Amino acid sequence: MAESDNILTKVQDLLVYLIPQLNKFPRDQKFVLGDRIETKLLDVQEDCLRAYYSRDKRGHLLEANLQLEVARHLVRLANVLKLFSNHTYGVLAEKMDEVGRMIGGWLKSVSGLRAAPGIAA
């Protein structure tokens with residue numbers, strides 16, 4: 001388990017779990033879908049780092065949230081294509097949901113706004 005429960009640690013934990021799973025993809029998907037998923041989640045990590053060190057946190061958090069949503073859709077596609085086991089998909093979905101909730105909470109705290117109804121953070 002991670003030392004602390006901050007968002008940067010959670011994103012890193014997600015990547016540490018995900019990357020070995022992507023390496024199991026068939027060659028034709030490893031370098032297309034696998035790379036896209038990895039890149040999107042690395043972008044989430046980068047945007048969270050930028051938000052952590054920036055005065056304008058909101059813009060970076062909105063971008064992190066968008067990149068995470070794209071990654072979620074790509075992971076769902078990989079699951080439909082049977083590139084993940086059901087267990088692996090469940091763990092990834094849980095970890096991604098936790099990161100999304102943390103980004104949403106951080107976004108609310110810096111913008112003073114409530115999330116739109118029906119939109120997952």
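The axes of helix 2 and helix 4 cross at roughly 30° and come within 13 Å. An angle under 35 degrees counts as roughly parallel, so helix 2 is roughly parallel to helix 4. Please keep in mind that this is a predicted model. Here is a short tour of the packing.

**Helix 2 with helix 4**
- Helix 2 passes helix 4 in a left-handed crossing.
- From helix 2, the residues making the contact are L41, V44, C48, A51 and Y52, and helix 4 brings M96, V99, I103 and W106.
- Sorted by class, this contact of helix 2 with helix 4 has 9 nonpolar residues, with no polar and no charged ones.

**Helix 2 with helix 3**
- Helix 2 spans residues 27-53 and helix 3 spans residues 57-80; their axes lie 8 Å apart, at an angle of about 160°.
- Angles over 145 degrees count as roughly antiparallel, so helix 2 and helix 3 are roughly antiparallel to each other.
- Helix 2 also passes helix 3 in a left-handed crossing.
- The contact of helix 2 with helix 3 is made up of 16 nonpolar, 2 polar and 7 charged residues.

**The nonpolar core**
- The largest nonpolar core holds 29 residues, and I37, L41, V44, F84 and I103 have the most contacts inside it.
- Helix 1 (7-22), helix 2, helix 3 and helix 4 (86-111) each supply at least two residues of this core.
- Leaving aside residues up to four places away in sequence, F84 touches L18, Q21, L22, F25, V75, A78, N79, Y89 and L92.

Methods. Residues numbered from 1 in each chain as written. Predicted model: local features only at pLDDT ≥ 70, side-chain atom pairs only at ≥ 80, totals over all residues. Heavy atoms only, no water. Axes fitted to C-alpha atoms, helices over the stretch in contact; angles between N-to-C directions. Helix = DSSP H or I, 4+ residues; strand = E, 2+ residues; numbered from the N terminus. Parallel < 35°, antiparallel > 145°, perpendicular 65-115°, else oblique. Left-handed = near helix turned anticlockwise from the far one by under 90°. Nonpolar A, V, L, I, M, F, W, Y, C, P; charged D, E, K, R; others polar. Core = buried A, V, L, I, M, F, W, Y, C linked by side-chain atoms within 4.5 Å. Buried < 20%, exposed > 50% of the residue type's maximum accessible area, 1.4 Å probe, protein only. Contact = heavy atoms within 4.5 Å.
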